[in-house]
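Please look through the structure shown here, and keep the sequence at hand while reading. The text below goes through a few parts of it in turn.

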Amino acid sequence: MRAVLNGEDGHLHWTEVPDPQIKEDEVLLEVEAAALNRADLLQRAGQYPPPPGWPDWFGLEAAGEIKAVGKKVEEEGKWHVGDKVCALLGSGGYAEYVAVPEGMLMPIPKGLSMIEAAALPEVYGAAYLFLFMEGGLKSGDTLLVTAGASGLASVIIPMAKCFGVRVLTTVMNDEQEQAIGHLKADYVVNTSREKLADVMKRELEAGTPVDITVDCLGGDTVGECLPYMNFDGRWIMIATLAGDPSTINLKSMYVRRTRVIGTNLRSRTPEQKKKLLGDMVDLIWPKVESGEIRPTIFKVYPITQAEEAQDLMQSGKSAGKIVLTVKGNE
C-alpha cells in the first residue's frame, strides 16, 4: 500500500510501505479521508513521535470502510466487514489502509460525508476531553478558547454553545474574525486591536469572568491573564504555539483558587481513549446528527498534496479543518 512519509529531503512523499497486519482486537480500515491536526506538524518537525506500536507516517483521524476484522472483533460482533466508521489513531491515517484497535472506532453520525466524518475523531475527542473531562463544563459557564480560527476552535465553540455556555475566543486579524463569524462566539478578541488580558479584566469587573480557558498558544499571555480568571477557574494548556515560558504571579493563583492543567489526548492509554470515545458518542453524536454541531471543513486536498495541505495549516491562514482524500489517488 501507499502512505505519506516524511522524506530525508524535508518533503512529504506518497510512497510504498508495508501493508498493515491486524491483531485479534483490531480491524483493517480502508481509508477514504484523513484530517490534519497540529500534531502532524510537530511530528514532521521531529518533536512528537507516534506512540509505540503505531506507524511512522502521519494521521490521527480517518474515516473509511472496514475490510477485515480480527478474531476477537469477529467474536464480539460489534463491528463487521463493510461497516462505515471513523477512527481515532495514534498515527497512520495518511495511508490507503490502517490497522485500528476496535475501541478506537466510532460509527459515522447519520447525514455526514466521509470527509466530514474524517474531521471528527481527534478534534471532537480532544474537545470532549478538554471541555467535559478536564474543564467540568456546565451550562452557564464562560469559556475562553484561544486561536479561534483553528480547527479545534471550530468544534469547541459550537459544542460549548449548544450546552448553554458563553464563549470568548481570540483571532489575530480582521480576516480571521470574518472567517469565524459562522461559529457565533459571544465575543471575539481581535488581538490586532486589543489585548486579551484587558478584555478578561473587563469581563471580571463586569461580573462575567472566564471559568474555563482552552489554550493552545501559551507564552506571556498566560501569566498576564491568569489573575482575571473566575474563582476556581481552570486554565487548560494543550499546546504552546506562542512560546513555552510564561511568568506567573503565583499569589494570584492561590487567591483565586486557579488551576493550570496540562493535558493531551494522544498519550492516553487505549482503555482511557475507548471510554472517552464511548461517552462522546453517547453525548455528542446526537447533537452532530441534529445539526447543532458540525465540523467546519476549510479545504480538501488529495493525499498526494499532503505537503501543500500541511503548509497551509502551518501558515495559520486556515479557519477550520483541512482534510485529505485518499481513495482515487492510488
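Which residues in α10 are buried? They are Lys-273, Leu-276, Leu-277, Met-280 and Val-281. Keep in mind that this is a predicted model. Seen down the axis of α10, these buried residues fall within an arc of 130 degrees, so they line one face of the helix. The general rule behind such a pattern is that an α-helix has 3.6 residues a turn, so residues three or four places apart point the same way. The face of α10 turned away from the buried side carries the exposed residues Glu-271, Lys-275 and Asp-282.

The length of this helix can be checked as well. Helix α10 covers residues 270–283, which is 14 residues, and at 1.5 Å a residue it should span 20 Å. The C-alpha atoms at its ends are 20 Å apart, in agreement with that expectation.

What covers the buried residues of α10? The cover includes the strands β5 (84–88) and β7 (105–107), together with the helices α4 (121–134) and α11 (285–289). Take α4 as one example. The axes of α4 and α10 are 10 Å apart, and the two helices pack at an angle of about 90 degrees. That makes α4 roughly perpendicular to α10. On the α4 side, the residues that meet α10 are Pro-121, Tyr-124, Gly-125, Tyr-128, Leu-129, Phe-132 and Met-133. Their partners in α10 are Leu-276, Asp-279, Met-280 and Leu-283. Sorted by type, the residues of this contact are nine nonpolar, one polar and one charged.

Helix α5 runs over residues 151–161, and ten of its eleven residues are buried, so it is largely enclosed by the rest of the structure. Among the buried residues of α5 are Gly-151, Ser-154, Ile-157 and Pro-158.

Asp-232 lies in strand β12, which covers residues 229–237. Leaving out residues up to four places away in sequence, Asp-232 touches Arg-256, Arg-257 and Arg-259. Asp-232 and Arg-256 are 24 residues apart along the chain, and their C-alpha atoms are separated by 6.4 Å.

Definitions and conventions
Residues numbered from 1 in each chain as written. Predicted model: local features only at pLDDT ≥ 70, side-chain atom pairs only at ≥ 80, totals over all residues. Heavy atoms only, no water. Helix = DSSP H or I, 4+ residues; strand = E, 2+ residues; numbered from the N terminus. Expected span 1.5 Å × (residues − 1). Buried < 20%, exposed > 50% of the residue type's maximum accessible area, 1.4 Å probe, protein only. Arc of directions from axis to C-beta. Contact = heavy atoms within 4.5 Å. Axes fitted to C-alpha atoms, helices over the stretch in contact; angles between N-to-C directions. Parallel < 35°, antiparallel > 145°, perpendicular 65-115°, else oblique. Nonpolar A, V, L, I, M, F, W, Y, C, P; charged D, E, K, R; others polar.
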